[in-house]
Structures are given as structure tokens and as C-alpha cells.
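Please walk through the following structure, moving from one chain to the other.

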Amino acid sequence: MEATVSKKRSKDDIIIFFLQNRSLLLVGLFSTLLSLTTNTFLTTNNLISLARQISANAIIGVGYTLLLASSSVDLSAGYMMCMIGIVAGLLSQNGLPFIVILFVCILVGALCGAWNAFAANRFKLPPFLVTLAMQQIYRGALMLMSNGSPIGNLHPGIIFMGQGYVGPVPFPVLLMVIFIIIGAVIFSRTQFGRNVIAIGGNPEAARVSGINVAMTRIMVSVLLGITIAFTALVSCGRVASAQTTLGGDTVMDIIAAVVIGGTPMGGGSGTVVGTMFGCLVIGLISNGLNLLRVSSFWQMVAKGVIILVAVILDVYSEKIYERMRNKG
Amino acid sequence: MTILKILEAKNIDKHFYSTHALKNVDFDLAKGEVLAVAGENGAGKSTLMNIFLGIYKADDGEMFLDGAPFHPKDPHDALEKGISMIHQELRLVPSMTVADNVWIGRVKKFSSGGIYFPERCVAATQVLFDEYGIDVNPKETVNNLSVAQMQMVEIARAISYQSKIVIMDEPTSALSDKEVTVLYKITKQLTAAGTAIVFISHKLEEVFEIADRVTIFRDGEKIQTKVVKELTMDQLISGIAGREMDNLYPKEHVPIGEVVMDVECIGKKGMFDNISFKVRAGEVLGFCGLVGAGRTEIMNGIYGIDPIDSGEIRINGKKVNNRSPRQALDNGIAMVTEDRLRQGVITKMNVKMNMTLAYYYKICKATVIDRKQENHDAQAMTQTMRVKTAGIHMPIWSLSGGNQQKVMVGRALLTKPKVLILDEPTRGVDVGAKSEIYQYCNQLAAEGMAIILISSDLPEVMGMSDRLLVIREGAIVGEHDRDTVKPEEIMAEMFALANHSGKEMKEDQL
């Protein structure tokens, strides 16, 4: 009897090890497959371009990890990013200095984020609904501001954010690393980070233990807004114009990356570094399928499948934990 | 025996983790009788009923319904086999009509060719209501009903199944006298038709008024079953409460100091009113009362979970205003909440993070948590509280209920409170951990902390407290000193037995 129990437990342990490190394992698996099937994958150029591709998503991913860990969600992130890009474009055309553009973009991101969380708190609405509505508002707002056409002639500072190099390192990659380090520190070392996982794990217990749940939620959304603003500048800089359709599918990619990375949809825990690997998984899929010359329509299907798998794995691992808890 | 046993249970045993909820219980119910089931909260009544309904599975034992083996899979299965239940909490759909609620899940009955005819449902409801004298409009939306009317709808639903057995869990708690009379009438009609009724109530007069027999539960054991006519109120009360006081509650006398917390006339609309009491350093102040009497609400008011809207709280003579738990913590009040799952443990966090949850903001340097300090404090508290765990980094769910509760107490203590409120600290906690928690309480009192203890377990709260307050319907209805108190007096106050033992009662009441 004893033996079967411990056998069962150790089997669970193995499954949990795989689930917890699923993003790393997937990265390993995909990289190996791509190195074997193509001779273009393992080239410096390709790897650098891969790093640049994932950097934008990884920056938002930092904010989004905090958000999911606090057991909230934001569907408006993509269009908020697009709108901030348009704002940056308009400010560039008016010839404002870069620092002003940067500041205004961050401010817009922070305010939009604060509003999303505030509205959900104040009117006791699920964040899902608030941000679904806000997404449409941001979309309309950016079309009104841009008259529906992309804005070129961006400030050189924005171009640098998307295309520049610091030594051999692309600036967006550097920015990504900085954000991940800051995010990881906030997440695991600070009072704020602890508050976030507490309200994600059990908001009622957090409140009773003296944590200001409403304020923490607002702060999380503000941080997400700031990461969105940075990503907007990086993304616009990369294509040298503020697009009106940029970021439409970003939200799905980010949620997939964060969940594959090991942050559960239900909140209560999370990992910023894991999110970076999650972004890498998503990036590898696009990159690999490009290298293998698979049509972009099939890439959409593949991404959808991966997202589905990610969510199934998430539910599955929660179930295993639940089973272990009930036994305990 | 000539009486026909409709339901019989033998040697039912049930554990919840380390708690032994039912110990080898036998139970029988005869056709056409009203059997009252009496006992304190947590005595095992609800567990047994839930086993009859198939919500829980018994670890051991057999059940027979009408002589045939009975293994209900779930409440629906139990219902189909003839057991329905009137729940204490209302389970109505507020947006639907009375008729639709009564016949919920049985739309087919009133349908022809897949089309539902609500008129038929209303007519059937009216017939049912007329038969049993229920005065509610079947076409009314449940939203617009009073709580008492809703309860009547719930009752109507339970009897509409024409079950062999109807279990009534505190059916009168929301009813006015008028409706109680109707309920009694319904009960008589049902039993006359051969239905057996299990009647659970904390109002002991009702037991004498309505029941044929009464089964008393205590600590998961069936104490006795008696014919009500052969029983006096005193015998019933001592049966429910009368447990030997053992050494489980090792109360030590400590010198009592100055008043630490002075609560004056606090109130919260619709919950409690005009509550005043003082707690002194080194004192354990016990709060007795039934579940729902307002004990927890009063503490939630003091601790800022549901802030009070009148009255004053003073800590060491200084007025404090606790609008949130954080303010209460800053003012030196800490609370271990009643519902460990909902308001206590964060399952995804480890032991350390759970323990330091209420205080880590105090050990931050420029918002970065001082992890060395945190680990050190958590480690020390784990040892002080004697938490049995493989380490402070173990997940909290790997601990037993009792040890989780020690972590919760540790969480409150790390904030270094002047006043510690413990709301049902030993619920779902095994005997060993219980005794350890209480020993530690004594130690804290000796160090000069003021402790407020709420417990539904009467011997426990009587054993641990220096002074006892009895709460009923949101008011303090009795105050007792440790040395002179008798359990019967407190029981009488808890259950509002106006004619039972007590001149003090009349003074204190209202």
C-alpha cells in the first residue's frame, strides 16, 4: 500500500517537473527539430532576428505575467499598444523631442491601464468585459486620430528603439533583458510582487491580511500599461511607421506565451523568466515555419493549436495540483 | 417492534482528514414520525444528513431504505429514491416565478410535445399551496418575496416530490410565528400520510412541540434517542452540552492587567447593535452563541473587514478607526478568521509566505522584502507554534488542517498585536493541535496579550475564557464569570429559552 502511494506520488512529481518546465522543454524540442531539418536555423543572423522578433512581446509579457498572476486579464492590450503607436506618430510629426514623446506614451499607457482596473473595481465588473469594451474604444480612438492611415516620419529616437544596436546587441533585445530583470525582481523580491500573487491566490485572504486589493490591481494594470507603451515604440520603430492594424492579435500571442511560460490562467503564481521562454516558443513556431516555407495561413492554425495546447496543459497541471492537495 | 423503519443506518463512520466527524453512528427513522435531531454545531448532524443525501460517502457502515440497501450517488439520486431536504440556505432562482421554482427541473411534467405550458405549472402549484395552506402567489417572482415567503417556497418544493422522507434543516430560522404554525400544520399532514420527517433545529422548544422522538448528537457520536414525552428540557440540554470537562483546555490563571481594548456601543446596520465590552491585558474573553448569532459579524466590524457604522473602539485609551484590516493591524488588532479556506490560506503559496502575509510589509527596505529577516521570523514562528512541516518552503496544502491553522495563528502573531481575535480557531482541527493552540494562547495571555475567543464548542470556550459573553441576534444577552458559570445558563441564553433557569436572563435580555 505504502509503496503504491509513493510510486503514485513520484509519478506525479515527474509530471509536475515536465509541466513546470514546459516552456524550456518546448524550446529545446523545437530548436532541435529546426536545427535538424533546416540549415538556416542555427545561423547568427537568424538567431538575432529571432531575439528581435520576440523582444516586443516579451516586454509586454513582463507586465502581463503580473496581470495574470493577480488573476486578472486584459483583452485591450493589443489595440492600446496600437493607439499609443499612433500617438507617438502624431507627436513625431509635430516635431516634439523624443523625451516628450516617450513620456507622453508612458503616461497614456499608465492612464489607460489605471482606467481598466479602476473601472473593473469601481463597477465590480469582470476585467474580461471591461477590457473587451475598452479594446473597441481604443480601436476607434486610434482610427479617429490617424484617419485610418499609417503615420510615417517617426522620430529617429523611435526608429532607434526598434532598429538600433548597442554594440552588437539590438536595442529591443537589450530593452527586453532590462525589463525581464526588473520584472523578475519586482515579482519575486518586493512587497508589491508578493501582494500580486497573494491577491491572485486568494483575494479575500489577502484583504483580510491587510493588503489593499483594489490599489494593487490598479498598480498592476499601470505597470502593464507602461510595458505596452514601450512595446508600442519598439514595434513602430521596427517597421518605421505607426500602423493602424498593429497589435490586433498581440493579446492572444501574449496570453499564450505567459501561460506556456508557466503562469497559470487562474493566477496565484507566475514567472517572468518563464514568460520569456514562452515568447521564445511562440517565436520559434513562426520562425521555424517561415524557414520551412509553410504558408502564413497554416502558421495561424499552428499558433492556434499551440495556444489550445497551452491552455489544456494549464488546466491539466491545476488538476494534478488539486489531486495532490486533496490527498495531502 | 411494530413500527416500520423506513430508514436505517448502522455503524456509520466518517473522517474528514484528521477529524473524526461521525463515530460508528446508528440511526433509525420510522414511517410517519417526526424525529428531531439535536446537537451543537459540528456535532455531526449535518454530516449524517449529507451522507443520506449522497453528498458525502460514509467511510464505513450500511444504510437501508425501506429494508433495501441504500447507496445514494448524489442528492438527485437520493431525491429519486424518496429523500428530499429543506435546506437552511435558500436555493431558489430569484428571477423565476414561485411556481417555476417549486417545480424546478421538472418542466417535462407540464409539457406536451416539447412545449412548456407555464399555466399548468401555476395550477399545480396552487393545488399544492391550497392543500397545505401556504399563502404565496404562484405567479410572483421570487425576487419580490420576503425571506419567510421564500422559505415557504423552499418547503413547498421539498414536499412537492412526495418523498418518503423529508429532512428539514432549521426550517423555522427565517419564519415568523404565523408561518411556523403553517409549517407545523404541513408537518402533521405529511406524517398523517406516512411521510417521515427529520427535523433539525436549534430552537429546543420546537423539539418538544413537534417531534415524536429526538436523537442527540455530540462530538460525532449519537448520545441517545428518546421519546420526547419522556424527556425534560433539562435532560435535553445536558444531553447536548453535557460533556466531561477534561484537561483539553489547560487554562492557567494569569494576573489581569489594564483595559487594552474598549468597545463602546458599536453597531452595524442590520447585523448588530449597541455592543459594548472591554478586554484587558492577559484576559481571554470568550464569545458564545449559535452560528449566525452575530459573533463573527461583530469581530469583522472591529477588524475592519465590514467596518462598523456607529460607536467607538479604543485601544489603550486612544480612539481608533478601523476602516480596513490594514488599519486594524496598524492599530494593534489581529484576527484569525473563521473560514480558513476562503479567508485564510492561500493554497498556492508555501508555508513561509502564508505565515508572513500580514506582516511582510513591515520588513521591507525600499519595498524590497528583507528575505533573511522573513525566513528567520517564519522559521522562529514555525518552531514557537510547533507547526509540523518538512520546512517553511513546503506548500501549505501539504500540512494537516491543524497545522495550517497554526500557520494562520502565526500570521496574526507576527504582526505583534495587542489584541488577538480568534474566530473558531479549532474548527476542523484535530485534538492534539487544538490543545497546542490553546496552550500557546495561555502563554500569550501570560505575556499580556488581550485575547478574544469565539467558539461554537461550548466546553472549549468555557474552558479557555476568563469571562464569557453570550451573543444572540446581534446583541449581548449574557455575561458570565469563569468561576461561577454553568453550561446550562449559557445554553439557555444561546437558545433563548425565556422560561429556563435564570434571573440574570431577564436583566440581560434586550
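How many bridges join strand β21 of chain B to β22(B), and do the two run parallel or antiparallel? In this predicted model, five bridges join β21 (residues 419–423) to β22(B), and the two strands run parallel. One bridge partner pair between them is B:Asp423 with B:Ile454 of β22(B).

Strand β22 of chain B spans residues 450–454. Strand β15 (residues 284–288) of chain B is also joined to β22(B), by four bridges and again in parallel. Here B:Phe287 has B:Ile454 as its bridge partner in β22(B).

Is β22(B) mostly covered or mostly open? It is mostly covered, with five of its five residues buried. B:Ala450, B:Ile452 and B:Ile454 point one way from the strand, while B:Ile451 and B:Leu453 point the other way. The residues pointing either way are all buried.

A further sheet in chain B is open and has four strands, in the order β14-β13-β16-β17, with antiparallel pairing. Strands β14 (272–280) and β17 (318–320) each have a single partner strand, so one side of each is left without a neighbour in the sheet. From one strand to the next the twist averages 20 degrees. Within this sheet, β13 (residues 259–268) and β14(B) pair over six bridges in the antiparallel sense, and B:Ile266 has B:Ile275 of β14(B) as its bridge partner. Helix α9 (residues 295–303) of chain B lies across β13, β14 and β16 (310–315), and runs at about 110 degrees to β13(B).

On the scale of the chain, chain B is divided into domain 1 (5–241) and domain 2 (259–508). The C-alpha centres of these domains lie 34 Å apart.

Next comes the contact between chains. In chain B, 24 residues are in contact with 20 residues of chain A. On the chain B side, α10 (325–330), α11 (340–344) and β20 (368–369) each supply at least two residues. By class, that side has 14 nonpolar, six polar and four charged residues.

The axes of α4 (residues 77–93) and α12 (residues 250–260) of chain A come within 7 Å and cross at roughly 125 degrees. The two helices are therefore oblique to each other. A:Ala77, A:Gly78 and A:Met81 of α4(A) make the contact with A:Thr250, A:Val251 and A:Ile254 of α12(A). These residues divide into four nonpolar, two polar and no charged.

Terms used. Residues are numbered from 1 along each chain as its sequence is written. Chains are lettered from A and ligands numbered from 1 in the order in which they are written. This is a predicted model: local features need pLDDT of at least 70, side-chain atom pairs count only at pLDDT 80 or more; totals for chains, interfaces and linings use all residues. Axes are lines fitted to C-alpha atoms, for helices over the stretch in contact, and angles run from 0 to 180 degrees between N-to-C directions. Angles under 35 degrees count as roughly parallel, over 145 as roughly antiparallel, 65 to 115 as roughly perpendicular and the rest as oblique. Two residues are in contact if their C-beta atoms, placed from the backbone, lie within 7 Å. Ala, Val, Leu, Ile, Met, Phe, Trp, Tyr, Cys and Pro count as nonpolar, Asp, Glu, Lys and Arg as charged, and the others, Gly among them, as polar. Domain bounds come from an automatic or database domain assignment. A residue is buried if 20 or more other C-beta atoms lie within 10 Å of its own, exposed if 12 or fewer, and partly exposed in between; C-beta atoms are placed from the backbone. Two strands pair if DSSP finds at least two bridges between them.
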